[in-house]
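The exercises below ask you to work through a protein model one step at a time. Please keep the sequence and the structure in view while you read each solution.

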Amino acid sequence: MGNSTSGVAEIKSKYDIASLHASLKAQEEAKNRLSRQMSSKRFKKEGGTQWRIFNELDVHDDKLMIELAVFLRRLVGYFPKDGNDAQSNALPVNETERVAKHAEQGFQDDDNSENSKSSAEITIESVTLQEAPVKPSLVRIGSVDVQLGGVVPENLSDYNLTKEPITMMMVQEVIQLYTSGGKLSIRSLRRILREAYKMLKTLPNVVHVPIESEDEVVTVVGDLHGQFGDLFHLLNTNGLPSEKHKYIFNGDFVDRGPKGVEILVVLFMLMVSLPNSVFLNRGNHEDFGLCCVYGFQKECLMKYDDVVFSMFCEMFRHLPVCSVIHNKILVIHGGLFYRENVSLKDLEEVDRLEYVVPSQAAQELVDSEGNPLSEKAIDLQKLMHGALWSDPDLDPSLPCPQPNPRGAGILFGPDLTHSFLEYNNLSMVVRSHECVEEGFDLPFEDFMEGTCATIFSASNYGGGVDKGG
């Protein structure tokens, strides 16, 4: 008792009563926060603690990779503009400008280039007619059966599509090609990317997805991360897009998994063939720096070349920030923002073409010409950080949301979510970005059920046991 009494007396001599109460309150809040986390849906079942540890490791990995991506961006910025002259006095060029110039080669029409094989085009139909030494394989794509005759894999390793406009039948042809282990020729790939690029450049930051009849359905797909099997399974079981069945693919199409190219090709073809039914939002991994450190650059170089990688990166810059379903549901990759009273009009004003991986260095808050950003431009950049990187948290986040441990974006709570929805006359936020065990999670179900949902569609992500949604 004497030790306890002297300990209390020592505390009182160092701190006033108000500070002591504040300290005790902070400890109590920390205990309550942990209790709320462990009682929430994602940690209720057996294995919840292990799942929380997996998520914490994933967040820590993101933080390290952001730092590496920022370093690579700075390194690229110090390369001279004239790559043939290492001693050139030309000023450094930023990453965005360098990628855009490199991508120009791919976006030029190359029908007459040396890659053209019009005199000996390979098509699934011609291969099927020429040889069928084994039993034909059959893959069901939605409600359509696509049949590919018996072929040796080499015949499909440089597959050329016809020069006709991109249609749903052509999409099904490419899906069948990919499920059979084939690969598009670089000529066909570039043509698809050119068509999709033209469309992306016409889209606004905020895309509105109307529901015009009671029999229309909208499916939101979360992170796929290069796992083409998950995309195929989803389309095969849920059905192909149509006028009555719309899809929003909510970012993070690439990195970590081995088939980001195949996913992007199929999604871009779907978008071109059904522009009023297929919508793509940008994720945080649709970024030059992250693609360099997480694997998509390496995948492009193994399958094609650096020009193709630059084409993809240039297209990433033009992906919309978010979608709004029927003026009521915001679909956005990461989440909400560092301040209150953010409107959809604010998001429309974001310069998505200039966005790069977040950096904490004040000296890097400059535009493409090296001029310091205005307060307005910095505000809009921070909004974009939130759109791509933020995560939900059970703690209140107003008036000052806490920084996200990932190293970008913020942690937004039920209070900020309610404030944002009310300010914009919306009813729900649907986001992705965060691996959840069932592939679907309602992070605020104990507080405000139906106001926020997380959808993650890459199964067994990172060696985990999530089911994908």
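**Exercise 1.** How many bridges join strand β13 (residues 440-441) to β14, and do the two strands run parallel or antiparallel?

Solution. This is a predicted model, in which local features need pLDDT of at least 70, side-chain atom pairs count only at pLDDT 80 or more, and totals for chains, interfaces and linings use all residues. Residues are numbered from 1 along each chain as its sequence is written, and side-chain values use heavy atoms, with hydrogens and water left out.

Begin with the terms: strands (E, at least two residues) are DSSP runs, as are helices (H or I, at least four), and they are numbered from the N terminus; two strands pair if DSSP finds at least two bridges between them. Strands β13 and β14 are joined by 2 bridges and run antiparallel. Within this pairing, Ile455 of β14 is the bridge partner of Phe440.

**Exercise 2.** Which strand pairs with β14 in the parallel sense, and which way do the residues of β14 point?

Solution. Strand β12 (residues 428-431) pairs with β14 in the parallel sense over 3 bridges, and Val429 stands opposite Cys452. Along β14 (residues 452-455), Cys452 and Thr454 point one way while Ala453 and Ile455 point the other way. All of them are buried (under 20% relative accessible area with a 1.4 Å probe and protein chains only, where exposed is over 50% and partly exposed lies in between).

**Exercise 3.** What is the order of the strands in the open sheet, and which are its edge strands?

Solution. The open sheet has 6 strands in the order β3-β7-β8-β12-β14-β13, and its pairing is mixed. Its edge strands are β3 (206-209) and β13, each of which pairs on one side only.

**Exercise 4.** How do the axes of α7 and α10 cross?

Solution. Axes are lines fitted to C-alpha atoms, for helices over the stretch in contact, and angles run from 0 to 180 degrees between N-to-C directions. The axes of α7 and helix α10 (residues 260-273) come within 9 Å and cross at roughly 170°. The two helices are therefore roughly antiparallel to each other (angles over 145 degrees; under 35 counts as roughly parallel, 65 to 115 as roughly perpendicular and the rest as oblique).
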